Amino acid sequence: MKQGVLMGLACCLAGPVLAAAPAIPAPATGGARAAAPVSAIVPALAPSPAPGGDGRVRVQLMARQAVTLSGEVAARIAALPVAEGGSFKRGQILVEFDCGTYRAQLNKAQATLEAASRLAEVNAQLAKLNSAGSLEVAQAQGRAKEAAAEVSYMQSVVGKCSIVAPFAGRVARRAAAVHQYVNPGMPVLDIVDAGPLELRMLLPSKWLGSMKPGSRFTVAVDELGASFPARLERLGAQIDPVSQSIPAVGLIEGGAATLLPGMSGWASFK
């Protein structure tokens, strides 16, 4: 009787202990943490550019041409005719340098060329009269060519004493000030194109079947609280394998004076 009671009690105790024992995971080798499931990693690396699948993607407005102008000569800035935010036309002077020293060197080179050319002419006439040797004639002609090369070089330097606008646009930022001395390559002005703004965006690659240049969509600009019609201009040449997206560029049709580079918003596709 006692033996039967003891055996029943042992069975009752053994059952709960075995059921409550947690499963012990195998330790990761090499001190590394166990890898997470692939399904938990992929969504973090490839977020959908259209949250909620509502046909919207984030866009940013950018100027078609944005250039940083820098000087090619070491000189002091004499004038910056266009202020920050100001507009300019193509070919208009945007930066003028004080190049008095370079112009003086050009004048000197021109005087040297004039004297060398005159000497070469005289020696050529003397050679016809057998009063000058061929070596003297060749030396005089060589000095004239050297002086001409110096004049050409100094004319090129003086031609860089002003920077003209490569296109019509606006001054985005002044990186230097009037009377400041700058070296070649130092930035002076940041300028942007005044033409239609581009819309840069990332489209899901699965949309390629229904997207092509010319497709129409609407852009809601955050800063203005207004929407504008736009069209797709071109698609990128390669799909990002991680985000499964492709870059695209669009244009706002008609444009508006209130639109500025750097604004952002949402592009809505049907």
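Val 95 is buried, with a relative accessible area of 0% (buried means under 20% relative accessible area, exposed over 50% and partly exposed in between, with a 1.4 Å probe and protein chains only). The model is predicted, so that local features need pLDDT of at least 70 and side-chain atom pairs count only at pLDDT 80 or more, whereas totals for chains, interfaces and linings use all residues. Residues are numbered from 1 along each chain as its sequence is written, and side-chain values use heavy atoms, with hydrogens and water left out.

Val 95 lies in strand β5 (residues 93-98); strands (E, at least two residues) and helices (H or I, at least four) are DSSP runs numbered from the N terminus. When residues up to four places away in sequence are not counted, Val 95 touches Ile 77, Ala 79, Leu 80, Pro 81, Cys 161, Ser 162, Ile 163, Val 188 and Leu 189, contact being defined as heavy atoms within 4.5 Å. Of these residues, Ser 162 is 67 residues from Val 95 in sequence, with a C-alpha to C-alpha separation of 5.4 Å.

An open sheet of 4 strands, with antiparallel pairing, has the order β6-β5-β3-β8; two strands are taken to pair if DSSP finds at least two bridges between them. Each of β6 (162-164) and β8 (181-182) has a single partner strand and stands at an edge, so one side of each is left without a neighbour in the sheet. Strand β3 (residues 75-79) pairs with β8 in the antiparallel sense over 2 bridges, and Ala 75 stands opposite Val 182 in β8.

Another open sheet comprises 4 strands in the order β2-β9-β7-β4, again with antiparallel pairing. Its edges are formed by β2 (66-70) and β4 (87-88), each of which has a single partner strand, so one side of each is left without a neighbour in the sheet. Strands β7 (residues 169-174) and β9 (residues 187-193) pair in the antiparallel sense over 5 bridges; Arg 173 has Asp 190 in β9 as its bridge partner.

Helices α3 (residues 100-128) and α4 (residues 134-159) pack at an angle of about 160°, their axes being 8 Å apart. The axes are lines fitted to C-alpha atoms over the stretch in contact, and angles run from 0 to 180 degrees between N-to-C directions. The helices are therefore roughly antiparallel (over 145 degrees; under 35 counts as roughly parallel, 65 to 115 as roughly perpendicular and the rest as oblique). The residues of the contact of α3 with α4 divide into 18 nonpolar, 7 polar and 4 charged, where Ala, Val, Leu, Ile, Met, Phe, Trp, Tyr, Cys and Pro count as nonpolar, Asp, Glu, Lys and Arg as charged, and the others, Gly among them, as polar.
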